[in-house]
Amino acid sequence: MFGRYAEFIVSSYAATAIVVVLLILWVVIDYRRQKARLRDLEARGAVRRSGRSATDLS
Amino acid sequence: MTLTELANPTRFLSLAGRLLPWLAGATALLLTVGLVLAMLAPDDYQQGATVKIMFVHVPNAWLAMFVWGVMSLASLGTLVWRHPLADVAAKTAAPIGAAFTFLALLTGSLWGRPMWGTYWEWDARLTSMLILFLMYLGLIALWRAVEDPSRAARAAAVLTLVGAINLPIIKFSVDWWNTLHQPASVMRMSGPALDKAFLSPLLVMAVGFSLLFLTLHVAAMRNEILRRRVRTLQMMQASRAEAA
């Protein structure tokens, strides 16, 4: 499809796709980790100064 | 909603939760359309099919510089106005900017090999982009080295503003020095030099990548606010246990 330059073109798009997927995984996994830590703290009786739930995002 | 109201981290969390699905959807749609247009674009009469690398290289290069610009504005917010979300914005933009800069360097290198006959040349444009990448890594290291977020924020803000000097150097390096890199062909005073067949997919990809940055940045800021909430609660628990 890309002729004799295929390896350079495919490598560019593949590298971009890999890095974008890694960035997405980074934010998704980090979000789950922080939510789990907040749930754990809440279960151990931690309360915010405002009195609202630690996991309340609204 | 005013900017002051948005500065409240709790309000930001609420807004982020509502915005993120829409941002992610718009990003996916634009990047899909951009990819289809990029694949359908004709070969260049000189560069052949390698012109397709431009559709990922140029948006990454633009964003590499744009993200540092965003971090510079956020740094002003930290130093001048002590905006509650400013250092959160600066800190979370750095890894995303580093990723875009890495991709700009890598895809540029993969484009350079068939066109210039070399993966790398120590010329002004390439070297100033490499310096930008190293500055991103330095900032990430600084954030990780200082435990207190407010102390780290001030040091990082100063470093970011000093590093912003590199942005015009990158932009005008192709005009000021003799480089292998071609001069600007889109953002020019006389208008874009690119044919519409290449300009349309490039602009769609550029908007798609910009939305990708916005989506990732809002999500990463939300994570950082939650991380700080965890830290505060842990410190409150520790002081309560000490008092008991």
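Biologist: What pattern does chain B follow when you read along the sequence?
Modeller: Chain B reads α-α-α-α-α-α-α-α, which comes to 8 helices and 0 strands. Helices (H or I, at least four residues) and strands (E, at least two) are DSSP runs, numbered from the N terminus. Please keep in mind that this is a predicted model, in which local features need pLDDT of at least 70 and side-chain atom pairs count only at pLDDT 80 or more, while totals for chains, interfaces and linings use all residues. Residues are numbered from 1 along each chain as its sequence is written, and chains are lettered from A and ligands numbered from 1 in the order in which they are written.

Biologist: And what does the C-alpha trace of chain B span along its principal axes?
Modeller: The trace of chain B spans about 75 × 35 × 30 Å along those axes. Of the 244 residues in chain B, 37% are buried, where buried stands for 20 or more other C-beta atoms within 10 Å of a residue's own, exposed for 12 or fewer and partly exposed for anything in between, with C-beta atoms placed from the backbone.

Biologist: How many residues of chain B are in contact with chain A?
Modeller: The number is 34 residues of chain B, facing 25 residues of chain A, where two residues are in contact if their C-beta atoms, placed from the backbone, lie within 7 Å. Helix 2 (9-40), helix 3 (54-81), helix 4 (86-116) and helix 8 (196-243) of chain B each supply at least two residues of the side that touches chain A, and helix 8 of chain B gives the most to that side, with 14 residues.

Biologist: At what angle do helix 1 of chain A and helix 4 of chain B cross?
Modeller: The axes of helix 1 (residues 6-43) of chain A and helix 4 of chain B cross at roughly 175 degrees and come within 9 Å. Axes are lines fitted to C-alpha atoms, for helices over the stretch in contact, and angles run from 0 to 180 degrees between N-to-C directions. The crossing therefore makes helix 1 of chain A roughly antiparallel to helix 4 of chain B, since angles under 35 degrees count as roughly parallel, over 145 as roughly antiparallel, 65 to 115 as roughly perpendicular and the rest as oblique.

Biologist: Which residues make the contact?
Modeller: Helix 1 of chain A contributes residues including Phe8(A), Ala15(A), Val19(A) and Leu23(A), and helix 4 of chain B contributes others, among them Ile96(B), Phe102(B), Trp111(B) and Arg113(B).

Biologist: New topic: how many residues does the largest nonpolar core have?
Modeller: The largest core has 69 residues, and those with the most contacts inside it include Ala64(B), Ile96(B), Phe100(B) and Leu216(B); such a core is a set of buried Ala, Val, Leu, Ile, Met, Phe, Trp, Tyr and Cys residues joined through C-beta atoms within 7 Å. Helix 8 of chain B provides the largest share of this core, 17 residues.

Biologist: What does Leu216(B) contact, leaving aside its neighbours within four places in sequence?
Modeller: Leu216(B) is then in contact with Leu23(A), Val27(A) and Ile96(B).

Biologist: And Arg82(B), where does that one lie?
Modeller: Arg82(B) lies in the loop between helix 3 and helix 4 of chain B. Arg82(B) has a positive phi of about 50 degrees although it is not a glycine, and it counts as exposed because it has 12 C-beta neighbours inside 10 Å.
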